[in-house]
Amino acid sequence: MSRFKSLPRVAVAGALGLLGASHASGETTVYRVGKVLTMDAEDRVVNHAAVFIEDGRFVSIERWRDAEIPEDATVIDRRELWMAPGLVELHNHVLGSLFDLNDGVYLTNPGLRALDIVEPDSDIAKQAPAGGLTTALLIPGSATNMGGFGVVGKFRGSTPEDSAIRSPGSIKIAQAGNPEGYWYGVRRRFMNFNLRRTLTKAQDYANAYDAWEAGDGDKPDYDPVYHGFVGLFRGDYPATVHTQIYQVMMTTVSMLAEEFEMKVVLDHSTFDGYKIAPLVLEVGEDRIITMNGPRQMFVDYSQRKVMGNAARWWQGGIRKLGVNTDSPVIPQEELTVQAAVACWYGWTPYEALAGITRVGAEALMVDDRLGSIEPGKDADFALWTGDPIDPRSACLLTVIEGEVVYDASKGKRRF
Amino acid sequence: MRTADLLRVLVALVASLAFVGASVPLASAEPDEPTPDEPTPDEPSPDEPTPETPEEGDEEDESESDESGSGDTEPAEDEASDEATEEDGVGNDEASEEEADEPKDELLAIIGGNVHTVTGPTIPGGTVLIRNGRIDAIGRRVTIPDEAEVIDASGHEVYPGLIAVDSSGLLSRNPREGTDPYAIQLPFVLAAGITTAITSDNAGKVTSGTLDGILLRENLFIELEYLSTEPAKRREIRRGLGDARRYLRDLAAHEREKALEKLGEDEESELEPPDDEPVKGRNSRYKRLLEGDAIARFEADEAGDLVAIADLAEEFGLRVIIIGAEEGWTVADRLGRADISVVVRPRAFNPGDDDRMRANGATIENAGILHRHGVPVAVIPADTWFTQGTQVGLWGLAGKDLKHLAYSAAFAVRGGLPSRAAIESLTITAARTLGIDDRVGSLEVGKDADVIITDGDLLHFMTHVRYAVVNGRVAYDKAEDTLFNHIRPDGDRASVGEAPADHWPRRLGEPW
Amino acid sequence: MTRSVRTLFSGLVAACLFTTNAGAEYDPEIVVVKAGTIITASGDAIEGGEIIIEDGEITLVGLSLDSPKNAEVIDARDMTVMPGMILARTRLNLPFIRRSGVNGQFVARDEVYPDLTGFRPALESGYTAVAFVPPGTGITGRASVYRVMEIDGLRTLDADNYLRATFEDAARDKGAMVQALTKAQAEIDKIEEAREEWEKQKEAWDKKQAEAKKAAEKESENGGGDTPADEGDAPKGDEPKPEGARRRATEEPSGGETGDDSDPTNGGEKKDEGPGEFVPPEIDPSVKPLVDLILGEAEHPLIIEIGGASEMLHLRDAFEQVTIDAEPKHVLAMLSPSGDYSYQIESLASVAAGHEGDDGPLLMVSPAMYTERYTVERVNLLGELAFAGFDLVSVPSSLRGSSSQLEDVRQELGMLVREGLDHDEAIRSLTLHPARLLGIDTDFGSIEKGKTADLVFFNGDPLDPASSVQKVMIEGRIEWETE
């Protein structure tokens, strides 16, 4: 448990306080459902379950027939539905204003914050809970090598404060395969040089800051450009790296994970990136988590084969594996469909569901709060008509911290 | 020594040609090449291969089609197979009489699978016998001629080939004029179960590796634009149809009068036929529409436009299909009354405008609501900012285009369309909508032998096509085609399996 | 012979105006070539052999021959000598022209003009004969074959050679092919109709003549009266009346009502005229060569530049789509380096297997290693096809054929030989097979007795990339050599 994680709670305590006021403390809500996919470490599945929720947290998950329902509890009987944890999306651009996706002022823009553009009330963002999503990492686009800091937000409310649960959520780095468009002449050698220079400066600042905190040296002048990196280099949040094709991904591993010792989420990791699986394992999956998408297949023209990216990562030994949508490239409510497609191309559904719940939460370092249905965690979940991965199953009810954010029976069904 | 080298090269070449596999349509190569009918006895386990997550026991979610199928099978089934065998008998006689010294019949029997005829009952363990590209017999008690090739589909599902009601980049505008039958897109869509694709206003077959029978039918429909934003076009269409209808009436009256006159006297008639300007040249399309010779095809989404098209269809008695119809769900009863067919993009995203005084925008429930109002619904993948739904994108984005057409039907199910209707939307409804149901869209005796054999429920997200048969020939064989043969070769959905060999970091000279 | 001397000669030769067989009045000019290796193309190679040439014609080839004393000796004992190479398809030094559709009326000859420098790349690369083709796509017209000469630039060998058609892209070219075949067949039907019409008339006329004769005989028997005797006079009666015949054939509706009446076109004189010889109606020049091919009357084949396996299917479909009397005799040209021809290797092999005659079926190719489509698998497709029995004709894939591209042909062939193509087959694909394709193999394409002495001298194996052309001999005279 990192020290930082307690910080954002303090930061958004005001917002939470307002929300919390709407439901009396100690009030219990019980969801009666046909099946609970807890997605916890033991992979427990509870059939005919009663899920107890208090204060926006899960309290317990029991079999219905064993459960003792308190008199004053609100019982919501959806025994025909399945309950799965709220899905976590690591590559999202639509929780915020799409117009402000890329602030391409410099080739690296370390000081920018995605928090400033969060718009949870937009038409597109409101689609997400209809697909069972509750949490997303909103990150800047990949038009520059460093787009700025992302923000972890929930799909609720209408202000950034309603939504955000941690800022910075990650630093967005685009290794290659888009920043080239920044200016004529920007190619991989220069991009790597430029990125390394920025990171070195950031590291110097972070080191000086850490040293001062440890009682060694003067307090460095506050630098808004680099201050966010203090937490980054302490490992409080990861770098989400736009990286694909194996040549580029090798640099990601060697430079960002090994040289700068950051925690790295491999966003995209598509095309033939799966070939570097051994390198990822060498560094260790505690440092590198692979989030594949939005592409889920790769036509290997050298041997006329179609490779399922996720399946190939898995076959290469990668176990901290998820998928993403890069919404709006794939609409974010289709995160489960991305998982389904990954399965068509060779992956397995349970692992795919884990990839968009607990692995996602772990990659964001919010796994103490999110990613599974366990006592004490945020009551973020969705009710499905069946297996969430199956595109035929619909999400009918989405709940964030005990509050219903999407109810398919009210108004037009969104997905 | 050179000969040895050549032989080595020849072997390499033949090995590389295995890519094309059964798709090389050479008569000379066929007799001694028993490729496609290797028996597959130890394919997936006999029990339904649908369970995918460790949770079992919910009876709500899937297998609706199976159930609704088995509900009315028992009595109907035997009837059907009797019928089938009867017709089979007739077929055999005809063939033996006619083709005494003709080339031998091409026979293919698909046995042991769950045969989803779509228009009739589902026949567990049924046989589909194919003769010269047509379905010759379907049923449980079909006698299989000794010379027939046999595909054992035990443990597999057998469906009619799917129909893509719109496509691009697959077949040429007129399929026979420039289609590249070796293009990699073809095995891709065959692997998605598509055997018929509409391109421009023509229907073509996905005949990988051959041009034989690639053109199904030409000039199926006439595209019309009838939107409130284009009032001039609307006026022109109304005027054209009106003039053509008046002309046809006048002509009929003229014919009548002429006939009467003839009865009376012998003199040359002085009656002038009406001026045929309203049906000449470009206007001839209005005549075709009025006579039901062509379908009127509209693209429209707004409720107002949909109603206007319904009015037009009723006024002039047109056969109409509407592509899109995002707001169809708000006027479904109107469309149902006007007997209009609709091609829906179930995943269309349009949040609508909350300020308007009526329901608007797109919803996932569109297909289901239209279906409940009796509107025939076919489906097509939706376009997005980055993908075109009617294409076969090879850059990695998947689930959004023809590579996964069945996903779009699955979305319709998500929105409330019954599974059976969803399968029909990809097959018989699509065929009827386009007026090609005499050839394709279901498994019926006499229809084109376009059959797909899948390793599970067609609408399940992990289902792969094992074989695609087009015009009676195996056009795609998953095990033979390198594209997908490494994905779940044993059909085990619970395992990711071994990795296929990689090109990298292979060094020159290393074996594959 | 030095350059300056030859320049002196040039005036003389030009004065002779291409009279190559002027030798009758002089002593035969005898040249002996002593070669390190002679690649004969028609038979085995000869190590340390000699070639005796009289008046530009090879008279003897073999080991240590008795050479005449007065002969000029060319010592090439450190060289390899092969027949002059023949470039069966090029537009070397001709302008780029965009043209499409059915244009059988064009002949490359009309574009070609003698230009010393422009055609020298061919000579320098060892080509002694080239076939120029008309530009564009579709049915482009007919090729013209020339000798390459240092002094004159070019000399015509055969101005009306094969008909060139492109079928590189079915979507683009199939329409033109179908249109051309349909048109050609319509022309053939027209000829047939005209012939039938003519036969009918002839019959009627013959009958009338016979009757008239009979009547005349009767009359003469009866005594007196004019005799139309001179009408039977053969030369006069058979005088062709092309205009009349043509007009009948072209203008008459198919019913041909006028047929049985005597010819109306000649007015009052009709009495004296018969239908004459059959004169076929004029044929649309744009499909004339194709008509000849379908009727089997053409000397040279149709060469179809085919883009890939898909196009091979579409070509077959085009031939089936149009009901033609006979498939035009054609040779495929596989020139696209990225073409997926191997998808059709089995049908190609069956063509080779079913071919009758001593020689294999001809196939024009652009030598290169092919890569299996959608893979990185390299295949020696041309080696396979030669092995299957095809007689390859090697040309560069590009029509413009710069000197480096011309050199590449040899080097690519060398690569194919390394990968298993027969060496002699590769040589023949540059010499004997193109000669056969162009119908000039009686005089060119190999080092044999009786053939024209067109030779190329290399400083090594011609297919070795390290080798280069040292001398080129045309009709027994060194036409070009390295400085």
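Helices (H or I, at least four residues) and strands (E, at least two) in these legends are DSSP runs, numbered from the N terminus. The views come from a predicted model, in which local features need pLDDT of at least 70, side-chain atom pairs count only at pLDDT 80 or more, and totals for chains, interfaces and linings use all residues. Residues are numbered from 1 along each chain as its sequence is written, while chains are lettered from A and ligands numbered from 1 in the order in which they are written.

**View 1. A loop alanine of chain B with a positive phi.** B:Ala325 sits in the loop between β12 (320-324) and α9 (332-337) of chain B. Although B:Ala325 is not a glycine, its phi is positive, at about 50 degrees. Is this residue buried or exposed? B:Ala325 is buried, as 33 other C-beta atoms lie within 10 Å. (A residue is buried if 20 or more other C-beta atoms lie within 10 Å of its own, exposed if 12 or fewer, and partly exposed in between; C-beta atoms are placed from the backbone.)

**View 2. A histidine of chain A with a positive phi.** Here you can find A:His48 in strand β2 of chain A. A:His48 is not a glycine, yet its phi is positive, at about 45 degrees. This residue counts as partly exposed, with 17 C-beta neighbours inside 10 Å.

**View 3. The open sheet of chain A.** Follow the 8 strands in the order β5-β6-β7-β8-β9-β10-β11-β14 (chain A); their pairing is mixed. β5 (87-92) and β14 (321-323) of chain A are at the edges with a single partner strand each, so one side of each has no neighbour in the sheet. From one strand to the next, the twist averages 25 degrees. (Two strands pair if DSSP finds at least two bridges between them.)

**View 4. Strand β7 of chain A and its partners.** All the residues of β7 (residues 146-154) of chain A, 9 of the 9, are buried, so this strand is largely enclosed by the rest of the structure. Strand β6 (residues 133-138) of chain A pairs with β7(A) in the antiparallel sense over 4 bridges, and A:Leu138 has A:Val151 as its bridge partner in β7(A). β7(A) and β8(A) are also antiparallel, with 6 bridges; in β8(A), A:Lys172 is the bridge partner of A:Gly148.

View 5. Strands β9 (residues 239-243) and β10 (residues 264-268) of chain A pair in the parallel sense over 5 bridges. Look for A:Thr243, whose bridge partner in β10(A) is A:His268.

**View 6. Two cis peptide bonds in chain A.** One runs from A:Ser167 to A:Pro168, with omega near 5 degrees, and A:Pro168 lies in strand β8 of chain A. Another joins A:Ser327 and A:Pro328, with omega about 15 degrees. A:Pro328 belongs to the loop between β14 and α10 of chain A.

**View 7. Where chain A meets chain B.** In this view, 57 residues of chain A are in contact with 49 residues of chain B. (Two residues are in contact if their C-beta atoms, placed from the backbone, lie within 7 Å.) On the side of chain A that touches chain B, α10(A) gives the most, with 5 residues.

Terms used:
Axes fitted to C-alpha atoms, helices over the stretch in contact; angles between N-to-C directions.
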